[in-house]
Amino acid sequence: MSESQSVSLADLDEFVKASEELGWLNRLGGDEVSDLKADSRRINSGDLFIALEGHSVDGHDYVADAFERGAAGAIIRADRANDFRHLDKRLLVADDTRRIAGPLASMLKGHPSRKMTVVGVAGTNGKTTMT
């Protein structure tokens, strides 16, 4: 697993500007962002919490807990923005938090896939023995 690197607010701003799916609800100054986490119990100071909706648990129910544990900000679904406007915290909104999670994690980890060599093996026979 790739080590996290701190990302400045300016770098995060550039990512937000380049994204068609992400925008600021509250853009407050402050610390750099060090990692992306979907489990509020694992938040460390400087992490960005992403609220993902599951079958039985909705991450939006844990946004306040993430901030209590030191989250530098949170990403919430745009249709839930009114539930969090009262917070004086750094908040990003996305139409689909699950879809933005991968690209954002890649940026925070320094785009590790750019350092990989990928080779495709095509054909009918021999793929199992070659790979």
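Mentor: Let's start with D79 and R77, whose side chains meet in a salt bridge at 2.9 Å, N to O. Before we go on, note that this is a predicted model, in which local features need pLDDT of at least 70 and side-chain atom pairs count only at pLDDT 80 or more, while totals for chains, interfaces and linings use all residues. Residues are numbered from 1 along each chain as its sequence is written, and side-chain values use heavy atoms, with hydrogens and water left out.

Trainee: Are R77 and D79 buried or exposed?

Mentor: Buried means under 20% relative accessible area, exposed over 50%, and partly exposed in between, using a 1.4 Å probe and protein chains only. R77 has 16%, so it counts as buried, whereas D79 has 59% and is exposed.

Trainee: Where is R77 placed, and which residues is R77 in contact with, leaving aside its neighbours within four places in sequence?

Mentor: R77 belongs to strand β4 (residues 73-77); strands are DSSP runs of E with at least two residues, helices are runs of H or I with at least four, and both are numbered from the N terminus. With that exclusion, R77 is in contact (heavy atoms within 4.5 Å) with E53, H60, A94, D95 and T97.

Trainee: How do you know that D35 and K109 form a salt bridge?

Mentor: Their closest N and O atoms are 3.6 Å apart, and the limit is 4 Å, so they qualify. The pair links distant parts of the chain: D35 sits in strand β2 (residues 35-37) and K109 in the loop between α3 (97-108) and α4 (127-130), 74 residues apart. D35 is buried at 16%, and K109 is buried at 19%.

Trainee: What about R42 and D39?

Mentor: Their N to O value is 3.9 Å, which is within the 4 Å limit, so this too is a salt bridge. R42 is exposed at 61%, while D39, at 22%, is partly exposed. A network of salt bridges links D39, R41 and R42. The structure holds nine salt bridges.

Trainee: Which residues have the most contacts inside the largest nonpolar core?

Mentor: They are L36, L48, I75, L104, M107 and L108, in a core of 17 residues. Five of the core residues come from α3, the largest share. There is also a second, separate core of 13 residues, including I43, A51, V63 and V93. A nonpolar core is a set of buried Ala, Val, Leu, Ile, Met, Phe, Trp, Tyr and Cys residues joined through side-chain atoms within 4.5 Å.

Trainee: How do you know that β3 pairs with β2 and with β4?

Mentor: Two strands pair if DSSP finds at least two bridges between them. Three bridges join β2 to β3, and three join β3 to β4, so both pairs pass. Each pair runs parallel. F49 in β3 stands opposite K37, and the bridge partner of F49 in β4 is A74.

Trainee: What makes the crossover from β3 to β4 right-handed?

Mentor: The chain goes from β3 through helix α2 (residues 63-68) to β4. With the strands pointing away from the viewer, a path from the first strand over the helix to the second that runs clockwise is right-handed, and this β-α-β crossover is right-handed.

Trainee: Which way do the side chains of β3 point?

Mentor: D47 and F49 point one way and L48 and I50 the other, and all are buried. In a regular strand the side chains alternate between the two faces of the sheet.
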